[in-house]
Amino acid sequence: MTEMVIALLLLVNNEITEARIQPSLNECLKGKRIANRGASDNVEYRCIKSMAELETNIDGSLSIKKLIIN
């Protein structure tokens, strides 16, 4: 399934290593601020709004399988 999502990205050495769905931009920015407190120099957090291919987990929650970035 493909949907528009707000995602919090973890970038290590400018490569996306993890992407988590966030309920709102406000929650994403809050998570980014908290995560940046303990981040090292080669780690960056970024909030984006993008299309994503989603998959359903065993517990019924959704996770990002692939980001579709234009």
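This is a predicted model: local features need pLDDT of at least 70, side-chain atom pairs count only at pLDDT 80 or more; totals for chains, interfaces and linings use all residues.
Entry 1. I found 9 positive and 9 negative side chains in the chain. The centres of the two sets lie 6 Å apart.

Entry 2. I then looked up the secondary structure. Read from the N terminus, the order of the elements is β-β-α-β-β.

Entry 3. Next I turned to the overall dimensions. Along the principal axes, the C-alpha atoms occupy a box of roughly 35 × 25 × 20 Å. I also checked the radius of gyration, which is 12 Å for the chain. This agrees with a compact globule, because a globule of 70 residues would have a value near 11 Å.

Entry 4. I looked up how the chain is covered and connected. Of its 70 residues, 27% count as buried. The chain exposes about 5,000 Å², and carbon and sulfur atoms supply 48% of that area. I also considered contacts between residues at least 6 apart in sequence; 50% of these join residues at least 24 apart.

Entry 5. I located Gln22 in strand 2, which covers residues 15-22. Is Gln22 buried or exposed? Its relative accessibility is 17%. The cut-off for buried is under 20%, so Gln22 counts as buried. I then listed the contacts of Gln22, leaving aside neighbours within four places in sequence.

Notes
Residues are numbered from 1 along each chain as its sequence is written. Side-chain values use heavy atoms; hydrogens and water are left out. Helices (H or I, at least four residues) and strands (E, at least two) are DSSP runs, numbered from the N terminus. Buried means under 20% relative accessible area, exposed over 50%, partly exposed in between (1.4 Å probe, protein chains only). Contact means heavy atoms within 4.5 Å. The radius of gyration is taken over C-alpha atoms; the globule rule is 2.2 Å times the number of residues to the power 0.38. Accessible areas come from the Shrake-Rupley method with a 1.4 Å probe; for residues, only the protein chains shown count as cover. Lys and Arg count as positive and Asp and Glu as negative; His and the chain ends are not counted. The place of a charge is taken as NZ of Lys, CZ of Arg, CG of Asp or CD of Glu.
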